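Here is a short report on one model.

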Amino acid sequence: MKIAIGSDHAGLALKEALKAYLDSRMIPYEDFGTHTQESCDYPRIAEIVCKAILSSEFDRGILICGTGIGMSIAANKIPNIRAAACSEPYSAILSKRHNNSNVLCMGARVVASGLATLITEGWLNASYEGERHQRRVDMLTRIEQRYAIPVIPHPVKEEDTNPLPTANSDPEGN
Ligand code: RB5
């Protein structure tokens, strides 16, 4: 299983703790940023990580911001992404078993690293149960399809594609 992981500045420290956990379990991952404490926009990171999952190169994603909420809202805008914002293991496990979540979101201002690690571990170990749940997951997909807007080009603003801050960024330049 290969993980795409990302955070905004508020989630940076927790992301590092979770990367250490993934290292300890020898679970491969790629960190899509941010890489500094410079303020950045969580929707940008969410889109990058979710695109990586949709590319099929990655199996699941982990997104961390201050609350986990902004990341989950952003991720769930993207078709075929089912993101669950969780602050305890039970919901995280059930989000995989029943909802086939493919992105786990957590809030670094909500959960400490020990709890976040347990949440992540439970989610990674959980498997989708399918069967009666597949009918409902299919319904989620059809909701996406019903509200898709096929004829209007999706607007992309410059701020959506600005490079992420790097370790060498000038913190005053924000
Ligand atoms: C950043 O201050 C904060 O708004 C962000 O990390 C996240 O919690 C938004 O949902």
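## Ile5 in strand β1

Ile5 is buried, because 25 other C-beta atoms lie within 10 Å. The cut-offs are these: a residue is buried if 20 or more other C-beta atoms lie within 10 Å of its own, exposed if 12 or fewer, and partly exposed in between, with C-beta atoms placed from the backbone. Ile5 sits in strand β1, residues 3–7. Strands (E, at least two residues) and helices (H or I, at least four) are DSSP runs, numbered from the N terminus.

This is a predicted model: local features need pLDDT of at least 70, side-chain atom pairs count only at pLDDT 80 or more, and totals for chains, interfaces and linings use all residues. Residues are numbered from 1 along each chain as its sequence is written.

Ile5 touches Lys15, Leu18, Lys19, Tyr29, Asp31, Phe32 and Ile62, not counting residues up to four places away in sequence. Contact means that two C-beta atoms, placed from the backbone, lie within 7 Å. Ile5 and Leu140 are 135 residues apart in sequence, and their C-alpha atoms are 24 Å apart in space.

## Helix α1 against helix α5

Two packed helices are described by the angle between their axes and the distance between the axes. α1 and α5 pack at an angle of about 50°, with axes 10 Å apart. α1 is therefore oblique to α5. Angles under 35 degrees count as roughly parallel, over 145 as roughly antiparallel, 65 to 115 as roughly perpendicular and the rest as oblique. Axes are lines fitted to C-alpha atoms, for helices over the stretch in contact, and angles run from 0 to 180 degrees between N-to-C directions.

α1 passes α5 in a right-handed crossing. A crossing is right-handed if the near helix is turned clockwise from the far one by less than a right angle, and left-handed if anticlockwise. From α1, the contact uses Leu14, Ala17, Leu18 and Tyr21; from α5, it uses Ser113, Ala116, Thr117 and Thr120. These residues divide into five nonpolar, three polar and no charged. Ala, Val, Leu, Ile, Met, Phe, Trp, Tyr, Cys and Pro count as nonpolar, Asp, Glu, Lys and Arg as charged, and the others, Gly among them, as polar.

## Tyr21 in α1

Tyr21 belongs to helix α1, residues 12–24. Is Tyr21 buried, exposed or partly exposed? Tyr21 counts as partly exposed, because it has 17 C-beta neighbours inside 10 Å. Not counting residues up to four places away in sequence, Tyr21 touches Thr117 and Thr120. Tyr21 and Tyr42 are 21 residues apart in sequence and 23 Å apart in space, C-alpha to C-alpha.

## Helix α4 against helix α5

Helix α4 (residues 89–97) and helix α5 (residues 113–125) have axes that come within 8 Å and cross at roughly 25°. So α4 is roughly parallel to α5. α4 passes α5 in a right-handed crossing. α4 supplies Pro89, Ala92, Ile93 and Lys96 to the contact, and α5 supplies Leu118, Ile119, Gly122 and Trp123.

Ile119 lies in helix α5. Ile119 is buried, because 23 other C-beta atoms lie within 10 Å. Leaving aside neighbours within four places in sequence, Ile119 is in contact with Cys86, Glu88, Pro89, Ala92, Met106 and Val111. The C-alpha atoms of Ile119 and Leu54 are separated by 23 Å, with the two residues 65 apart along the chain.

## The ligand shell

Which residues are around the ligand? They are Asp8, Ala10, Tyr42, Cys65, Gly66, Thr67, Ile69 and Gly70. A residue is near a molecule if its C-beta atom, placed from the backbone, lies within 6 Å of it. The shell divides into four nonpolar, three polar and one charged.

## Backbone geometry in the loops

A cis peptide bond joins Gly33 and Thr34, with omega about -5°. Thr34 lies in the loop between β2 (29–31) and α2 (42–54).

Ser56 is not a glycine, yet has a positive phi of about 75°. Ser56 is in the loop between α2 and β3 (60–65). Ser56 is exposed, because 7 other C-beta atoms lie within 10 Å.

Glu131 is not a glycine either, and has a positive phi of about 45°. Glu131 is found in the loop between α5 and α6 (132–147). Glu131 counts as exposed, with 7 C-beta neighbours inside 10 Å.
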